Amino acid sequence: MKLCDFVIPADIDEARARLRELGDAAFPTAGGVSLHFLRFAEPKTAVDLTRLGLSGISRDNGRFTIGATTPVCDLQKHVAEGWVLDRVARRFVTQQIRNISTLGGNICRVFWWSDFPVALLALDASVAVRGESETVLSAEEFLARPLKLLKPGTLVVAIDIPAVESGAGFGYGKETRVGSSFSLATAAACVVVEGNRIKQARVAAGASLSMPQLLPAVGEKLAGETADREAIEKAVATGTEGLAWKGREGMSDPYAAELSRIIIADAITDAVAEART
Amino acid sequence: MSTVKQISLTLNGEPKTFETTADETLVDLLRRHGYRGTKTGCYEGACGACTVILDGRAVYGCLLRAFQAHGRDVQTIEGAGSFDDPHPVQRALVDEGAVQCGFCTPGMVLSAKALLDETPHPGSDTIKEHMDGNLCRCTGYEKIRVAVEKVAASTAMP
């Protein structure tokens with residue numbers, strides 16, 4: 001038994017009160033998919049966060065705000081200029097899981113195979129956390145220790161990402177054993193191109209690393225470089241030196257490293273191509 | 001000890017109340033109450049045999065806890081059609097010879113139905129995308145794809 005009880009709060013205040021009361025015995029949940037991968041020493045009480053009005057996508061001032069309990073299928077189906085998360089959503093597990101898994105859930109319980117944290121790191125997303133007041137953290141700050149930041153009585157309410165506009169491009173790639181499997185390599189890149197040169201780049205990767213992470217050295221190596229495949233591969237090779245690659249599902253560590261470098265370079269190449277259109 | 005609580009939901013168009021615990025999956029609750037057309041296969045969200053429709057969307061009944069369906073609309077294969085009046089997807093699967101052992105078929109039907117209810121005439125890529133969570137070890141998928149595409153192209157859907 002993992003869960004011993006459940007509560008279904010009707011609004012944010014009630015949810016926060018329940019989470020405070022229950023403390024470590026609470027299991028805040030929306031889609032509930034991560035429950036399948038977790039083991040608890042003691043049974044917990046599920047706090048269902050799906051009725052709090054935290055689902056939906058809106059756009060304001062060149063940024064998208066995504067409610068924490070927005071299911072992945074809504075990211076998959078959303079159509080708007082500068083919207084890029086459909087590319088990540090479309091390759092996320094299977095339709096039945098896309099229909100129930102939420103963006104908030106994907107950043108609060110992060111696993112080595114997690115795809116959305118990689119995309120959000122590349123996009124320089126921010127995460128709104130509601131406690132006594134609302135705090136906005138960068139995705140990098142939040143993803144470094146999500147469960148430690150979420151003290152009893154606090155919850156993620158929204159994720160904010162920029163619209164990828166003219167002159168900028170987003171690329172995403174992943175490799176899996178079969179389409180619905182966990183990622184063996186997952187990478188995302190967001191670039192700004194001026195003329196034939198990369199002005200700036202944010203690159204992130206996961207699955208073959210211990211956890212999803214931003215690769216600042218790759219971004220630094222790319223800045224000012226010619227926007228061609230040779231320069232991209234060189235920046236990826238030198239910018240990922242020293243990373244502790246981890247092979248999964250029968251892959252050796254060096255194979256995982258090589259596979260990841262290709263996936264990362266592909267994501268950057270796609271981002272550059274989009275920025276030029 | 002798990003606390004037993006009541007949940008209410010609409011099941012195949014009828015309001016229902018069930019007792020459940022936090023750890024009970026939706027598929028187990030449904031089968032416990034006689035809705036055995038929903039199959040249990042992998043129990044880990046991979047095979048799609050337990051697919052039901054929750055608020056218009058196909059979901060895995062084995063990953064969802066029953067309490068998550070409280071206040072929501074659930075459709076099972078028992079509500080999709082009957083022997084005398086099959087759903088267009090059921091009819092097409094039979095016509096195309098897309099059923100062998102039949103174990104995956106309820107899940108296949110409900111995944112296709114959820115898609116076609118939302119998008120009556122989807123393209124081939126959309127069909128593949130929305131059927132990617134259902135495994136079939138008999139047919140090789142081609143006949144299933146053809147059957148769903150025929151319904152999507154027909155006037156059987158509104």
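Helices (H or I, at least four residues) and strands (E, at least two) are DSSP runs, numbered from the N terminus. With that in hand, here's a quick tour of a predicted model, in which local features need pLDDT of at least 70, side-chain atom pairs count only at pLDDT 80 or more, and totals for chains, interfaces and linings use all residues. Residues are numbered from 1 along each chain as its sequence is written, chains are lettered from A and ligands numbered from 1 in the order in which they are written, and side-chain values use heavy atoms, with hydrogens and water left out.

**Where chains A and B meet**

- Chain B brings 33 residues to the contact and chain A brings 33 residues, where contact means heavy atoms within 4.5 Å.
- In chain B, Arg57(B), Phe67(B) and Glu129(B) lose the most area to chain A, together 22% of what that side buries.
- About 2600 Å² is buried between the two chains, and carbon and sulfur atoms give 51% of that; buried area here is the accessible area (1.4 Å probe) that two parts lose on being put together, summed over both.
- Between chain B and chain A, 24 residue pairs are in polar contact (both at pLDDT 80 or more).
- A polar contact is a pair of N or O atoms within 3.5 Å; within protein, one must be able to donate a hydrogen and the other to accept it, and residues adjacent in sequence count only if both atoms are side-chain atoms.

**Salt bridges**

- A salt bridge is a side-chain nitrogen of Lys or Arg within 4 Å of a carboxyl oxygen of Asp or Glu, and the structure holds 29 of them over all chains.
- Five salt bridges span the interface of chain B and chain A.
- One salt bridge joins the side chains of Arg98(A) and Asp132(B) (3.0 Å, N to O).
- Another joins the side chains of Lys77(A) and Glu118(B) (3.0 Å, N to O).
- This pair crosses between chains, from helix α2 (residues 72–77) of chain A to helix α3 of chain B.
- Inside chain B, Glu149(B) and Arg145(B) pair up through their side chains (2.9 Å, N to O).
- Those two are separated by about one helical turn, because they sit four residues apart in helix α5 (residues 142–153) of chain B.
- Salt bridges that share partners also tie Arg16(A), Arg20(A) and Glu132(A) into one network.

**Two buried residues in chain A**

- Thr94(A) sits in the loop between α3 (85–90) and α4 (95–98) of chain A.
- With a relative accessible area of 2%, Thr94(A) is buried (buried means under 20% relative accessible area, exposed over 50%, partly exposed in between; 1.4 Å probe, protein chains only).
- Leaving aside neighbours within four places in sequence, Thr94(A) touches Ser180(A), Tyr60(B), Asp132(B) and Gly133(B).
- Arg16(A), in helix α1 (residues 12–22) of chain A, counts as buried too, at 10% relative accessibility.
- A polar atom of the Arg16(A) side chain lies 2.6 Å from the backbone oxygen of Gly153(A), and one lies 3.2 Å from the backbone oxygen of Gly131(A).

**A hairpin in chain B**

- Strands β3 (residues 51–54) and β4 (residues 57–60) of chain B run antiparallel and are joined by four bridges; two strands pair if DSSP finds at least two bridges between them.
- Ile53(B) has Ala58(B) in β4(B) as its bridge partner.
- Two residues lie between β3(B) and β4(B) in this hairpin, and Asp55(B) in the turn has a positive phi of about 45°.
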